[in-house]
Amino acid sequence: MSLIADTLLAYLPPKRKHTPSGWISFNAPCCVHNGNNADKRQRGGFIVNQDKAVSYHCFNCGFKASWQPGRTMSPKLKNLMRWFNVPDDIITKCTFDALRLKEDAELGLKQEIIPTFTERALPMGAKLIDGCTSKDIVPVLEYLHSRDLYLEDYPFYWTSKTGFKNRLIIPFLYKGQIVGWTARSVNGQNPKYISEQQPGYVFNLDNQHWDRKFVIVVEGPFDAIAVDGVAVLGSEVSQGQHLMINQLQREVIVVPDRDEAGEKLVDQAIELGWGVSMPEWPSGVKDVSDAVNKLGKPATLWLIISSRLKTELKIRLHQKNWFRTEE
Ligand SMILES: [Zn+2]
């Protein structure tokens with residue numbers, strides 16, 4: 001797997017001792033090159049770690065050298081190889097091998113963190129609700145009405161097909177393309193949501209207009225629609241979602257749900273350096289879409305923005321009461 005670890009192991013000086021923790025000790029060859037007397041008490045230690053990272057430490061002259069996959073070879077490590085009598089052409093091969101691994105690691109990292117999305121089909125028979133005339137659509141319309149959602153708020157879909165009937169279908173859009181969806185039950189039928197979501201997807205990014213100073217991050221799609229924010233579609237922010245949201249280059253304000261999962265989201269927001277808003281909602285309001293129903297959008301946005309907290313200390317202080325307040 002790693003030429004560097006294998007080479008060092010093959011050229012270690014003779015008279016070696018192995019410790020249970022994996023270190024190999026031998027007479028250190030470094031000391032005479034660093035102005036010290038030659039080591040005769042096996043004070044040179046070498047170890048290969050599980051990921052093929054290597055470490056060398058001399059307890060006689062204090063010389064250290066190490067390498068790990070993803071790094072280039074240091075001049076110190078090349079010196080150590082020479083003192084181990086590794087031939088120059090093998091040292092050169094090791095240098096190139098380290099470079100190759102470094103390039104692989106960087107490429108892998110890029111692919112991992114910038115999510116890309118491909119087009120996805122909506123559930124069978126899905127139609128835009130706007131313009132639909134079927135009588136079967138009534139429960140879905142009633143649900144929209146109960147949440148004060150309007151057909152002009154978002155391109156909501158619906159289908160009469162078994163399995164998806166009595167569900168409100170919310171397409172996941174990205175750059176105008178449908179890249180997933182969630183179908184919310186409107187009559188209490190389980191599961192509450194049936195979804196098709198690609199890793200790293202953040203809901204409602206398409207509606208983050210350039211003139212906004214803030215981006216409001218919530219858990220669910222309805223809250224996001226209510227305040228033109230984005231939703232992470234759960235209470236955890238994945239690495240890809242973190243990147244997608246930071247790419248907007250706005251001040252991030254997380255508005256958690258008032259439950260256990262919401263508390264986890266607060267922890268993550270602190271870790272990511274994002275702000276958190278835990279507004280004193282009027283009584284009877286338990287989340288962002290409730291607040292919009294009761295107060296309207298401008299007042300809700302004002303409450304969210306004026307209640308935002310940026311330091312861990314302030315967030316922690318506020319969190320204690322906010323999550324324990326009964327409705
Ligand atoms: Zn030494």
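Trainee: Which residues of H8 meet H9?
Mentor: In this predicted model, the H8 side of the contact consists of Val288, Ala291, Val292 and Leu295. They meet Lys297, Ala299, Thr300, Leu303 and Ile304 of H9.

Trainee: How does that contact divide by class?
Mentor: The contact of H8 with H9 has 7 nonpolar residues, together with 1 polar and 1 charged.

Trainee: And at what angle do the axes of H8 and H9 cross?
Mentor: Roughly 130°, with the axes coming within 7 Å. H8 covers residues 288-295 and H9 covers residues 297-306. An angle of that value makes H8 oblique to H9.

Trainee: Is the crossing of H8 and H9 left-handed or right-handed?
Mentor: The crossing of these two helices is right-handed.

Trainee: Let us turn to the core. How many residues has the largest nonpolar core?
Mentor: The largest nonpolar core has 68 residues. Those with the most contacts inside it are Ile129, Phe156, Leu168, Phe203, Ile245, Trp281 and Ile304.

Trainee: Which strand gives the most to this core?
Mentor: Strand S8, residues 167-174, does so, with 6 residues.

Trainee: What is Trp281 in contact with?
Mentor: Setting aside neighbours within four places in sequence, Trp281 is in contact with Val255, Arg258, Lys286, Val288, Ala291, Thr300, Leu303, Ile304 and Trp322. Among these, Val288 and Ala291 belong to the H8 side of the helix contact, while Thr300, Leu303 and Ile304 belong to the H9 side.

Trainee: Where is Cys30 found?
Mentor: Cys30 is in the loop between strand S2 (24-26) and strand S3 (44-48).

Trainee: Is Cys30 buried or exposed?
Mentor: Cys30 is buried, and its relative accessible area is 0%. Not counting residues up to four places away in sequence, Cys30 touches Tyr56, Cys58, Cys61, Phe63 and Trp83. The C-alpha atoms of Cys30 and Lys64 are separated by 9.4 Å, with the two residues 34 apart along the chain.

Trainee: One more helix pair. How are H7 and H10 oriented to each other?
Mentor: The axes of H7 (residues 260-272) and H10 (residues 312-322) cross at roughly 170° and come within 11 Å. H7 and H10 are therefore roughly antiparallel.

Trainee: Which residues meet there, and of what class?
Mentor: Glu263, Val266, Asp267 and Ile270 in H7 meet Glu312, Ile315, Arg316 and Gln319 in H10. The residues of that contact comprise 4 charged, 3 nonpolar and 1 polar.

Terms used
Residues are numbered from 1 along each chain as its sequence is written. This is a predicted model: local features need pLDDT of at least 70, side-chain atom pairs count only at pLDDT 80 or more; totals for chains, interfaces and linings use all residues. Side-chain values use heavy atoms; hydrogens and water are left out. Axes are lines fitted to C-alpha atoms, for helices over the stretch in contact, and angles run from 0 to 180 degrees between N-to-C directions. Helices (H or I, at least four residues) and strands (E, at least two) are DSSP runs, numbered from the N terminus. Angles under 35 degrees count as roughly parallel, over 145 as roughly antiparallel, 65 to 115 as roughly perpendicular and the rest as oblique. A crossing is left-handed if the near helix is turned anticlockwise from the far one by less than a right angle, and right-handed if clockwise. Contact means heavy atoms within 4.5 Å. Ala, Val, Leu, Ile, Met, Phe, Trp, Tyr, Cys and Pro count as nonpolar, Asp, Glu, Lys and Arg as charged, and the others, Gly among them, as polar. A nonpolar core is a set of buried Ala, Val, Leu, Ile, Met, Phe, Trp, Tyr and Cys residues joined through side-chain atoms within 4.5 Å. Buried means under 20% relative accessible area, exposed over 50%, partly exposed in between (1.4 Å probe, protein chains only).
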